[in-house]
Amino acid sequence: MNKAISITVWSAVVILGMAAFLAVAVRRGEPINALWLVIVATCCYAIGYRFYSKFISAKILALDALRATPAERLENGRDFVVTNKWVVFGHHFAAIAGPGPLVGPVLAAQFGYLPGTLWILVGAVLGGCVQDFVILLLSVRRDGKSLTEMARDETGRVGGFVAYAAVIAILIILLAVVALIVVNALKSSPWGTFTIAMTIPIALLMGIYLRRVRPGKVLEASTLGFLLVMLAIVGGRWISQNPHLAGIFTLSATTLALLIILYGFAASALPVWLLLAPRDYLSTFVKLGTIALLALGIGFLRPTLHMPAFTRFIDGTGPVFAGKIFPFVFITIACGAVSGFHSLISSGTTPKLIAHETETRLVGYGAMLAESAVAVMAIIAASVLQPGVYFAINSPAGIVGEAPQTAATTISSWGFPVTASEMESLARSVGEEKLFNRTGGAPAFAVGMANIFSRSLGGQALMAIWYHFAIMFEALFILTVLDAGTRVARFMLQDAFRHLYPPLGRTSWYPSIFFTSGLVVALWGYFLWQGVKDPLGGFNSLWPLFGIANQLLATVALCVATTIIIKMHRAKYALVTFLPLAWLVSVTFTASWHKIFDPAPRIGFLAQARLLAAGPASPANARLIFNNRLDAVVTAVLILMVSVVVIESTRVWVGVLLGTRESRVNESPFVATKLAVQERA
Amino acid sequence: MRTISKSVRIVASLLASALREIFDESAYRRFLVREQLANSRESYARFCRERVHSISNRPRCC
């Protein structure tokens with residue numbers, strides 16, 4: 001009877017999902033309701049979780065509820081702690097959900113809502129979730145080892161070294177990109193700049209409150225911090241209306257870039273308890289609340305998508321970033337579908353909290369599904385805007401022109417009507433001077449989010465408050481990524497430099513702190529500066545570079561996973577990780593080829609350098625030529641490094657399959673769990 | 001009705017536990033138990049010192 005009910009329910013889910021999918025995919029020329037996307041996504045996630053992740057659990061990983069996890073065997077009350085599965089789920093989701101799944105889908109909406117949505121769903125269910133789940137379980141079976149350690153153990157020293165170098169490279173590029181998002185969101189915006197500037201003293205205040213006034217009451221301090229931030233948002237309006245104060249907080253992109261570089265250095269060198277930890281708590285608090293609020297807003301409002309399913313820009317001539325739908329939609333979506341960065345979390349803190357192996361399915365596969373749902377919400381937020389408005393916000397001045405009238409005429413000529421007065425009135429309603437050329441995805445997402453929120457709560461009168469709330473929400477956790485990322489990269493460099501000069505490895509030795517922090521900040525600061533000075537807005541070159549680096553890290557993670565699956569004598573099921581790996585290799589290698597060698601100057605770095613070299617000689621031109629050549633070299637080095645891992649892994653696979661290489665996996669020995677007995681008692 | 005209120009209580013307590021874990025309040029409580037200390041500025045400062053490496057080494061994803 002139960003089986004009959006189950007079959008009926010799941011058949012209904014499949015039929016509903018297919019019907020909604022047809023509605024989304026087939027309807028052309030008329031706006032559709034966002035609810036269709038929500039239904040397709042929910043059905044895909046339910047089917048993927050119920051059937052695919054269960055298949056992986058049973059047939060490939062053979063999850064063993066009787067095997068003790070490192071949290072149980074090595075419990076020390078610090079890193080290794082047996083924790084409730086839903087608590088670990090929350091912890092893992094809070095760590096993996098960053099700005100990427102919000103920004104990537106907004107940028108990818110230039111192709112229309114359909115390509116991005118399809119990749120977010122298919123990529124997550126068949127690729128991203130699988131990667132996170134498999135790496136988490138493999139790490140649990142290896143005492144919580146990191147990805148780089150597993151790469152070294154299973155594919156050899158070269159694999160370990162490349163994974164290590166790839167992590168540093170992706171961190172540097174990631175930090176530059178997220179800093180550029182903040183710069184573009186805050187330039188010429190006194191309200192936004194004031195609000196974000198205020199989060200620094202608020203975080204410091206929280207740090208002191210936690211340390212001196214109410215030790216350890218983090219939730220209390222975070223609530224207080226949140227209220228103060230809300231006050232700063234309201235105060236920002238007053239600042240923006242005061243001519244003198246507005247002048248102080250109206251900053252150019254270059255000034256903001258310099259301030260963020262200085263901030264990054266200070267945050268990396270200051271004690272953790274004073275700035276980093278409180279800001280991290282505050283950002284997580286705001287992030288979890290806002291994502292839940294956005295989901296509720298979309299659910300209640302069921303907004304109409306004005307963006308068509310496909311736009312003319314699938315041919316590669318898009319203003320937001322250049323490049324055809326293949327491979328650039330996959331590179332641009334990045335974290336919303338597959339994120340190499342997640343493999344660092346799945347092999348970092350999370351495996352040390354898992355109580356039972358069987359819970360890795362919920363935490364690894366399930367949390368990535370939740371992140372993918374965030375990406376779907378972002379694409380909905382971008383697609384509820386009128387396409388003309390979307391392109392007016394996201395197109396750089398170098399493409400559409402700086403004057404509002406010129407930009408509006410250019411965008412309208414593409415078939416997406418918009419007028420300068422319409423944009424002016426929209427800018428006024430969100431409390432900004434102008435919304436043209438606000439590249440980077442964050443302002444477009446904030447307008448979309450404010451649109452959804454204001455229609456649910458407060459009406460047009462609160463549009464400006466919601467817009468700045470959205471900007472604060474994005475900037476707050478982008479700055480958290482910046483703080484934490486700079487510090488993590490600093491530790492990694494200190495760890496590497498200790499082989500050259502041992503005192504440099506001492507994490508509390510100030511000369512070492514200043515040297516390594518300065519180096520990390522200089523590296524991402526250079527790319528940030530390059531992005532700020534880029535006449536095409538910076539995102540055209542930096543976001544694809546970030547996407548390529550992120551997907552290459554996923555390639556390394558999937559190489560490790562495939563190697564271990566083959567070594568576990570489950571080669572016939574290795575396609576589960578091999579197919580996403582093969583897809584990512586084809587996507588990233590094609591994208592890299594285009595970014596380096598494509599003859600179109602807006603796509604190929606070398607073609608852009610050649611075009612600039614043919615123009616008038618000037619110091620600014622010389623710098624742009626150098627930057628483009630540097631980007632080409634960075635892309636080539638990344639591809640070369642990952643090629644080495646792929647080749648090394650292939651050698652291991654062939655050796656194991658032919659029987660010429662030992663197929664020993666480096667798992668910790670089996671120890672029976674005592675938790676099941678304790679829980680029953 | 002009782003089943004619903006019981007389910008709500010379970011969900012609320014799980015949510016509170018997740019928040020306490022994410023925000024390190026549980027970690028601090030475990031620290032106090034392990035070190036047999038009372039809550040004080042000094043104890044929290046010691047906890048922060050002990051956690052400094054794991055907190056500052058915790059990457060935040062993109």
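Predicted model: local features only at pLDDT ≥ 70, side-chain atom pairs only at ≥ 80, totals over all residues.
## A proline in a helix

Let's start with Pro327(A), which sits in helix H14 (residues 325-333) of chain A.

## The nonpolar cores

The largest nonpolar core holds 238 residues. Those with the most contacts inside this core include Ile173(A), Ala176(A), Phe445(A) and Val556(A). Helix H8 (residues 157-186) of chain A makes the largest contribution to the core, 22 residues. There is also a second, separate core of five residues, with Phe605(A), Leu612(A), Leu624(A) and Ala632(A) among them.

Apart from neighbours within four places in sequence, Val556(A) is in contact with Ala151(A), Val162(A), Ala163(A), Ala166(A), Gly340(A), Val642(A) and Val645(A).

## Helix H12 of chain A

Helix H12 (residues 253-269) of chain A has 17 residues, which at 1.5 Å a residue should span 24 Å; the C-alpha atoms at its ends are 24 Å apart, in agreement.

Several residues of H12(A) are buried, including Ala253(A), Leu256(A), Ile260(A), Tyr263(A) and Ala267(A). Viewed down the axis of H12(A), the buried residues fall within an arc of 125°, so they line one face of the helix. What do these buried residues pack against? Their partners are H8, helix H13 (276-301), helix H22 (463-497) and helix H23 (510-533) of chain A.

## Where the two chains meet

Chain B has 29 residues in contact with 45 residues of chain A. On chain B, helix H1 (2-22), helix H2 (25-35) and helix H3 (41-56) each supply at least two residues of the side that touches chain A. H3(B) gives the most to that side, with nine residues. By type, the residues on the side of chain B that touches chain A are 14 nonpolar, seven polar and eight charged.

## Two loop residues with positive phi

Asn437(A) is found in the loop between helix H20 (420-429) and helix H21 (442-456) of chain A. Its phi is near 55°, a positive value in a residue other than glycine. Is Asn437(A) buried or exposed? Asn437(A) counts as buried because it has 22 C-beta neighbours inside 10 Å, and the cut-off is 20 or more.

In chain B, Asp24(B) lies in the loop between H1 and H2. Asp24(B) is not a glycine, yet its phi is positive, at about 65°. With 23 other C-beta atoms within 10 Å, Asp24(B) is buried.

Terms used:
Residues numbered from 1 in each chain as written. Chains lettered and ligands numbered in written order. Core = buried A, V, L, I, M, F, W, Y, C linked by C-beta atoms within 7 Å. Buried ≥ 20, exposed ≤ 12 C-beta atoms within 10 Å, placed from the backbone. Helix = DSSP H or I, 4+ residues; strand = E, 2+ residues; numbered from the N terminus. Contact = placed C-beta atoms within 7 Å. Expected span 1.5 Å × (residues − 1). Arc of directions from axis to C-beta. Nonpolar A, V, L, I, M, F, W, Y, C, P; charged D, E, K, R; others polar.
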